Amino acid sequence: MKQFLTFTLLALLMASCNNELTFEEKSYSKKSALPCEKDCPHIDIKIPTAKNVPIVADSINKKIFATLKEIVFVGEKPFPSTDYNGLMTAFLKSYEEMQQKDPEEKIGWEAEVTGKIAYQSDNILNIRLKLYTFTGGAHGYSGERSLLFDPETGKNIPNEKLFKDITAFEAFAETKFRKAYNIPNGTSLNATGFMFEDEHFVLPQTFFFTDKGFLLYYNVYEIASYAEGAKQVLIPYTEMEPYLVSK
């Protein structure tokens, strides 16, 4: 009888584990078939892939892939690819077509995206994507993207849904930004080299949940020049309690 109960408990435990959302890291890599000696065109992708809870995992994985399509494309709109191999092939095919038109252009294209789970709680799943793309010009583009999900449903959480009152949070965030970059109240936000449109403070397009607090992340070009790089403001969760819906 005891042995039967033990097997039953183990079976229930295994079933519970199998129904729990988990992630595995998947890597994809491809190089152009054209001969090259240096700066060879390539694309490398390393991302967490959700599994075990089909509907939830499918929603998360589709959003990650859709975001990759927004990052890795050349031209006016994303490639019509339906999987990562197709996306890589389309990227390199665009390079090879460019080479046929302009054989003297020897600079190789690059695309590198690495994702990781930055934060996970009962209410928030935050996947952080670091990216670098180069398709010609003086320099490439590096940046970060934040994907926020409800871990129970797998649905993407838009930035505006993070806050109880986004207008109140924007006013609070401006005080934190000014303090972080030593800009006194009443002084122009752009006096120290920032490029806020019409001198009006705006929230970043990217937010991260971290172990240390809520991070406001301004990518390159968002409010400053390329040379200035990304700008960040970290706010402790204790100060975010009046503003965040959940964490």
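This is a predicted model: local features need pLDDT of at least 70, side-chain atom pairs count only at pLDDT 80 or more; totals for chains, interfaces and linings use all residues.

Analyst: Lys176 and Glu239 form a salt bridge, with their closest N and O atoms 2.8 Å apart. Because Lys176 belongs to helix H4 and Glu239 to helix H5 (residues 237–240), this pair ties together parts that are 63 residues apart in sequence.

Glu239, at 31% relative accessibility, counts as partly exposed.

Helix H4 also takes part in another pairing. Glu174 forms a salt bridge with Arg178, and here the closest N and O atoms are 3.1 Å apart. Both residues lie in helix H4 (residues 166–180); because they are four residues apart, about one helical turn separates them. Glu174 is partly exposed, its relative accessible area being 23%, whereas Arg178 counts as buried at 10% relative accessibility.

A further salt bridge joins Glu70 to Arg145, whose closest N and O atoms are 2.7 Å apart. This pair links distant parts of the chain, since Glu70 sits in helix H2 and Arg145 in strand E5, 75 residues apart. Glu70 is partly exposed, with 39% relative accessible area, and Arg145 is likewise partly exposed, at 29%. In total, the structure holds six salt bridges. Side chains of opposite charge can pair when their charged atoms come close. Across the protein chain there are 27 positive and 33 negative side chains, and the centres of these two sets lie 5 Å apart.

The nonpolar residues complete the picture. The largest nonpolar core has 31 residues, and those with the most contacts inside it are Ile60, Leu68 and Val72. Among the elements that give two or more residues to this core are helix H2 (54–71) and strand E5 (141–149), together with strand E2 (42–51), helix H3 (84–101), strand E3 (110–120) and strand E4 (125–134). The largest share, eight residues, comes from H3. Leaving aside neighbours within four places in sequence, Val72 is in contact with Ile43, Phe79, Leu87, Phe91, Ala111 and Val113. A second, separate core of 29 residues includes Ile124, Leu148, Ile235 and Tyr237. In soluble globular proteins, nonpolar side chains tend to be buried together.

These details belong to a protein chain of five helices and eight strands. Read from the N terminus, its elements follow the order α-β-β-α-α-β-β-β-α-β-β-β-α. Of its 247 residues, 39% are buried. Among contacts with a separation of 6 or more, 54% are between residues 24 or more positions apart. The C-alpha atoms fill a box of roughly 80 × 60 × 25 Å along the principal axes. The accessible surface of the protein chain comes to about 14600 Å², and carbon and sulfur atoms account for 52% of that area.

Note on methods: Residues are numbered from 1 along each chain as its sequence is written. Side-chain values use heavy atoms; hydrogens and water are left out. Buried means under 20% relative accessible area, exposed over 50%, partly exposed in between (1.4 Å probe, protein chains only). Contact means heavy atoms within 4.5 Å. Accessible areas come from the Shrake-Rupley method with a 1.4 Å probe; for residues, only the protein chains shown count as cover. Lys and Arg count as positive and Asp and Glu as negative; His and the chain ends are not counted. The place of a charge is taken as NZ of Lys, CZ of Arg, CG of Asp or CD of Glu. A nonpolar core is a set of buried Ala, Val, Leu, Ile, Met, Phe, Trp, Tyr and Cys residues joined through side-chain atoms within 4.5 Å. A salt bridge is a side-chain nitrogen of Lys or Arg within 4 Å of a carboxyl oxygen of Asp or Glu.
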